[in-house]
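Me: I have a model open and want to learn how to read it. Can we go feature by feature?

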Amino acid sequence: MATNITFTIIKPDAIAKGHTGKIIDQIIQAGFTVKAAKLTYLDARTAGGFYDIHRARPFFNDLVSFMTSGPCMPMVLEKENAVADFRILIGATNPKDAAVGTIRNLYADSIDANAIHGSDSDENAAREASYFFSAVEIF
Ligand code: GDP
């Protein structure tokens with residue numbers, strides 16, 4: 001997959017609070033094109049598989065509970081330098097540390113309910129996109 005792709009999930013807290021439209025608009029205004037999107041519910045197995053790298057961490061069970069607490073929206077995004085630019089747009093993992101105006105600064109409440117996911121490398125963007133979408137769905 002090209003390196004101008006990143007993957008995001010608008011997390012259940014942001015959807016539940018009605019921030020979905022504002023977040024998508026902020027993403028588009030920042031120059032990203034939405035290549036694929038769906039509203040979906042994750043079961044524990046799917047959420048656990050997605051965050052498999054964190055399985056041994058003390059917060060893993062809380063993370064899976066949170067990600068299965070309501071609908072979320074996985075999306076594939078395209079833009080030059082997508083991975084790095086999107087990490088800047090969403091801000092630090094802990095919203096207390098997120099720069100003013102970033103998505104987590106605006107819409108996240110805590111490190112566990114932090115509104116949005118963004119891939120941290122081109123390799124992970126490709127892996128994560130294919131976890132939720134088939135190649136034909138990314139057009
Ligand atoms: P990200 O790449 O910025 O999303 O951060 P990480 O890959 O380090 O962590 C993945 C997700 O796990 C974060 O977005 C948080 O939702 C959650 N998380 C990370 N650290 C903690 C923590 O200390 N406590 C809890 N409850 N959740 C955490």
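Me: What radius of gyration would a compact globule with 139 residues have, and what does the protein have?

Reply: This is a predicted model. A compact globule of 139 residues would come out near 14 Å. The protein has 14 Å, so the two agree. Along the principal axes, its C-alpha atoms fill a box of roughly 35 × 35 × 25 Å.

Me: What share of the residues is buried?

Reply: Buried means under 20% relative accessible area. By that cut-off, 46% of the 139 residues are buried. The protein exposes about 7,100 Å², and carbon and sulfur atoms supply 53% of that area. Now look at contacts with a separation of 6 or more: residues 24 or more positions apart account for 77% of them.

Me: How many helices and strands are there, and in what order do they run?

Reply: Count seven helices and four strands. From the N terminus, the elements read β-α-α-β-α-α-β-α-α-β-α.

Me: How do I read the sheet?

Reply: Strands of a sheet pair through backbone hydrogen bonds, either parallel or antiparallel. Here four strands form an open sheet in the order 2-3-1-4, with antiparallel pairing. Strand 2 (33-37) and strand 4 (116-118) are the edges, each pairing on one side only. From one strand to the next, the twist averages 25°.

Me: Which residue stands opposite Thr 8?

Reply: Gly 118 in strand 4 does. Strand 1 (residues 5-10) and strand 4 are joined there by three antiparallel bridges.

Me: Which helices lie across strand 1, strand 3 and strand 4?

Reply: Helix 5 (residues 82-90) is one of them, running at about 155° to strand 4. Helix 7 (residues 122-132) also lies across these strands, at about 55° to strand 1.

Me: How do I find the buried side of a helix?

Reply: An α-helix has 3.6 residues a turn, so residues three or four places apart point the same way.

Terms used:
Residues are numbered from 1 along each chain as its sequence is written. This is a predicted model: local features need pLDDT of at least 70, side-chain atom pairs count only at pLDDT 80 or more; totals for chains, interfaces and linings use all residues. Side-chain values use heavy atoms; hydrogens and water are left out. Two strands pair if DSSP finds at least two bridges between them. Helices (H or I, at least four residues) and strands (E, at least two) are DSSP runs, numbered from the N terminus. Axes are lines fitted to C-alpha atoms, for helices over the stretch in contact, and angles run from 0 to 180 degrees between N-to-C directions. Contact means heavy atoms within 4.5 Å. The radius of gyration is taken over C-alpha atoms; the globule rule is 2.2 Å times the number of residues to the power 0.38. Buried means under 20% relative accessible area, exposed over 50%, partly exposed in between (1.4 Å probe, protein chains only). Accessible areas come from the Shrake-Rupley method with a 1.4 Å probe; for residues, only the protein chains shown count as cover.
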